[in-house]
Amino acid sequence: MAQLSDDCFAFGGPMMSVDEAVSIIAARVTAVQDIETVSLTAADGRILAKQISAPLPLPPFTNSAVDGYAVRSGDLAQVGEQEQALPVAGRVQAGAAAQGPVEPGHAVRIFTGAPMPQGADTVFMQEDVRLDQGRVVLPAGLKPGANVRMAGEDIPAGHSALAAGQRLRPQDVALVAAFGLTHVEVRRRIRVAVFSTGNELVSPGASRGAAQLFDSNRFMLMAMLVRLGCEVSDLGILKDDRVSLASALKNVAGTLDLILTTGGVSTGEEDHVKAAVESVGTLVLWRMAIKPGRPVAMGIIGGTPFIGLPGNPVASFVTFVHVVRPTVLALAGATQQHLIPMPVRAAFTYKKKIARREYVRVNLRKGENGVLEAVKFPREGAGLLSSLVDTDGLVELGEKITLVELGQTVGFLGYASLI
Ligand code: AMP
Ligand code: MG
């Protein structure tokens, strides 16, 4: 089973930076070991269990990159700046075996993807030549080797082409297919249970009391987990009650790889998640220096890692990205994919606290000279779902920054890159 080692709990107490949190997780989480074999059509998004080396070169044989005429470059060497006419002898299409070597002083009609006839090493594009009574008239000045794709020029045989831990993307699946493989070995999906906590919450579809709201975080978190390749169990909403929370947690622990909750982890009187986890397992509050964000509860219940996220939707989203995402990737056996912000120009000013990482919700627009500019969402509340829905991503402001001035370069993370 996937594991989170006990000494994660040495890190409660003082403020922790986002990078510290991520490196602690990456160093201490053990990945699932079970391996499954899946077909190519089921491989997208799965985590490769073993490295794949090229069983054959790509391309597998030397071939023409264009429709045209294949020649021996040695035949062209003497002609200097003159056009040269060569008789056309033979024709080779894609998929057809080349019929013997090209005769010296001759050209062979050839099509894209067709194997180069023996002896030929250069192809003239059909657009660059003319035909004259069974001969092809070739312009001067083409480099020997032009328009030919050499066997193995893309990937040589034996090359380590995909590393273990790679989260397979469509282009990776294409590479596996190009190798002629029908299946890949991947780690099994990790199983994550999700529930929300709060007496004020009801599920969409249920009847809502006057002081209640529909639970939205659970559906956001489940969707994010599915995008990360997890198998998700929806455990609904739990009341703000230590005893029922504790028994629900105890029931699911041991049957899955991660328990994720939202709400109830601040230090208020009605925040019972912390006490519930402590009664059935171990827990520490990670006080991360991050805004939007609140303490994140990290725990282990019956051997199963537990993460308790804050209830405010934006805090929940941002802490998911920085705590749950690296944990899920580590549990799943995936190579950590570090988030690389893209430089854009700030079309806003902003003051922030030193030693804290802050995320500003922004839209991108094309400014002067086509330079991308980040426009700040006008409101900042951590409860505003509209601030996530109506924006393109987050500007990341590092711990050392205290002020953002108009026109300053800042780092942008698009939502699609976060999950
Ligand atoms: P809490 O972290 O439980 O103190 O909740 C902080 C705020 O987030 C409260 O206003 C909650 O009503 C809200 N909240 C908590 N859980 C959810 C949820 N699952 N969906 C939407 N809002 C929530
Ligand atoms: Mg609550």
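How many positive and how many negative side chains does the protein chain have, and how far apart do the centres of the two sets lie? The chain carries 39 positive and 40 negative side chains, and the two centres are 4 Å apart. These values, like those below, come from a predicted model.

**Overall form**

The protein chain contains eight helices and 30 strands. Along the principal axes, its C-alpha atoms fill a box of roughly 95 × 50 × 45 Å. The radius of gyration is 30 Å, whereas a compact globule of 419 residues would have one near 22 Å.

Of the 419 residues, 46% count as buried. The accessible surface amounts to about 19,400 Å², and carbon and sulfur atoms account for 52% of that area. Taking contacts between residues at least 6 apart in sequence, 71% join residues at least 24 apart.

Strand β22 covers residues 296–301. Six of its six residues are buried, so the strand is largely enclosed by the rest of the structure. V296, M298 and I300 point one way from β22, while A297, G299 and I301 point the other way. Both sets of side positions are buried.

β22 pairs with strand β20 (residues 282–286) in the antiparallel sense, over five bridges. In this pairing, L283 stands opposite G299 of β22. Five bridges also join β22 to strand β23 (residues 304–309), and these two strands run antiparallel. Here A297 stands opposite G308 in β23.

β22 and β23 form a hairpin with two residues between them. G302 lies in the turn and has a positive phi of about 50 degrees.

**Backbone features in loops**

Two cis peptide bonds and two positive phi values in residues other than glycine are listed here.

| Site | Feature | Angle |
|---|---|---|
| L58 and P59 | cis peptide bond | omega about -10 degrees |
| K291 and P292 | cis peptide bond | omega about -5 degrees |
| N147 | positive phi | phi near 60 degrees |
| A355 | positive phi | phi about 65 degrees |

P59 is found in the loop between β4 (52–53) and β5 (63–64). P292 is in the loop between β21 (290–291) and β22, the strand described above as largely enclosed.

N147 is placed in the loop between β11 (135–138) and β12 (148–149). Its relative accessibility is 25%, so N147 counts as partly exposed. A355 is found in the loop between β25 (350–351) and β26 (357–366).

Notes. Residues are numbered from 1 along each chain as its sequence is written. Chains are lettered from A and ligands numbered from 1 in the order in which they are written. This is a predicted model: local features need pLDDT of at least 70, side-chain atom pairs count only at pLDDT 80 or more; totals for chains, interfaces and linings use all residues. Side-chain values use heavy atoms; hydrogens and water are left out. Helices (H or I, at least four residues) and strands (E, at least two) are DSSP runs, numbered from the N terminus. The radius of gyration is taken over C-alpha atoms; the globule rule is 2.2 Å times the number of residues to the power 0.38. Buried means under 20% relative accessible area, exposed over 50%, partly exposed in between (1.4 Å probe, protein chains only). Contact means heavy atoms within 4.5 Å. Accessible areas come from the Shrake-Rupley method with a 1.4 Å probe; for residues, only the protein chains shown count as cover. Lys and Arg count as positive and Asp and Glu as negative; His and the chain ends are not counted. The place of a charge is taken as NZ of Lys, CZ of Arg, CG of Asp or CD of Glu. Two strands pair if DSSP finds at least two bridges between them.
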